[in-house]
Amino acid sequence: MLLPAEAAAATTRIDVVRITAGPEHHSGPMTGPVVGHWEGPAVAEILTTVRKIPTADLTLCVFAPGWGLHAYADPAEPPLYEAAFCYGSDMAWLWGPRVPEPLHRQTFAADSPHALFLRMRMRAAGPQ
């Protein structure tokens with residue numbers, strides 16, 4: 001998967017969101033609690049994992065993400081970028097002020113080892 005390079009390089013904290021509703025449209029709000037966060041070496045590990053997730057063919061399914069990420073340079077400021085992952089449709093939506101349009105919607109191989117590792121880490125961050 002592709003991440004906005006400059007924004008990813010500036011990321012110091014990632015919050016994990018257990019999405020309970022939305023986003024209903026690209027760049028819409030993710031509704032759900034922040035269930036955990038990663039800082040320090042964990043940020044580099046997660047960003048490396050996301051970058052290693054291969055693309056996939058689009059699965060014709062409703063986009064219904066269960067997990068999302070907010071990436072920050074400074075947690076007191078708005079996110080650099082956000083991502084919502086739908087493991088049913090193999091689709092991720094990315095948005096934020098530092099995300100170029102070609103990266104807004106991406107497919108990913110939800111059954112790949114890196115995607116499964118990411119989901120496992122998100123699940124471990126908070127309640128199911």
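Okay, a quick definition to start: helices (H or I, at least four residues) and strands (E, at least two) are DSSP runs, numbered from the N terminus. With that in hand, this chain reads α-β-β-α-β-β-β-β-α along its sequence, which comes to 3 helices and 6 strands.

Some housekeeping. This is a predicted model, where local features need pLDDT of at least 70 and side-chain atom pairs count only at pLDDT 80 or more, while totals for chains, interfaces and linings use all residues. Residues are numbered from 1 along each chain as its sequence is written, and side-chain values use heavy atoms, with hydrogens and water left out.

Let's begin with the overall picture. The C-alpha trace spans about 35 × 30 × 25 Å along its principal axes. For 128 residues, a compact globule would have a radius of gyration near 14 Å, and the chain's 13 Å agrees with that. That radius is taken over C-alpha atoms, and the globule rule is 2.2 Å times the number of residues to the power 0.38.

As for the surface, the chain exposes about 6300 Å², with carbon and sulfur atoms supplying 58% of it. Those areas come from the Shrake-Rupley method with a 1.4 Å probe, and for residues only the protein chains shown count as cover. Of the 128 residues, 50% are buried. Buried here means under 20% relative accessible area, exposed means over 50%, and partly exposed is in between (1.4 Å probe, protein chains only).

I'll also talk about contacts, meaning heavy atoms within 4.5 Å. Take the contacts between residues at least 6 apart in sequence: 63% of them join residues at least 24 apart.

Now the sheet. It's an open one of 6 strands, in the order β2-β1-β3-β4-β5-β6, with antiparallel pairing. The edges are β2 (34–39) and β6 (105–107), each pairing on one side only. From one strand to the next, the twist averages 20°. And by pairing I mean that DSSP finds at least two bridges between two strands.

Let's walk across a few of those strands. Strand β1, residues 13–18, is joined to β3, residues 67–72, by 6 bridges, and the two run antiparallel. Ile14 stands opposite Ala71 in β3, and Val16 has Leu69 as its bridge partner there.

Moving on from β3, 5 bridges join it to β4, again antiparallel. Here Trp67 is partnered with Phe85, and Ala71 stands opposite Tyr81. Then another 5 bridges take us from β4 to β5, also antiparallel, with Phe85 partnered with Ala92 in β5.

How many residues of β3 are buried? It's 6 of the 6, so the strand is largely enclosed by the rest of the structure. Trp67, Leu69 and Ala71 point one way, Gly68, His70 and Tyr72 the other. Strand β4 also has 6 of its 6 residues buried, so it too is largely enclosed. Tyr81, Ala83 and Phe85 sit on one side of β4, with Glu82, Ala84 and Cys86 on the other.

Let me zoom in on Leu69, in β3. It counts as buried, at 9% relative accessibility. Leaving aside neighbours within four places in sequence, its contacts include Ile14, Val16, Met30, Trp38 and Met122. Ala83 is another contact, 14 residues away in sequence but 5.2 Å away in space, C-alpha to C-alpha.

On to the helices. Helix α2 (residues 41–52) lies across β1, β2 and β4, at about 100° to β2. Helix α3 (residues 113–125) lies across β1, β2, β3 and β4, at about 115° to β2. The axes behind those angles are lines fitted to C-alpha atoms, for helices over the stretch in contact, and angles run from 0 to 180 degrees between N-to-C directions.

What about the two helices together? The axes of α2 and α3 come within 8 Å and cross at roughly 140°. Where they meet, α2 brings Ala42, Glu45, Ile46, Thr49, Val50 and Lys52, and α3 brings His114, Phe117, Leu118 and Arg121.

One last stop: the loop between β4 (81–86) and β5 (91–95), where we find Ser89. Is Ser89 buried or exposed? Buried, because its relative accessible area is 2%. Setting aside neighbours within four places in sequence, Ser89 contacts Leu58, Thr59, Cys61, Val62 and Phe63. This hairpin has 4 residues between its strands, and in it Asp90 takes a positive phi near 60°.
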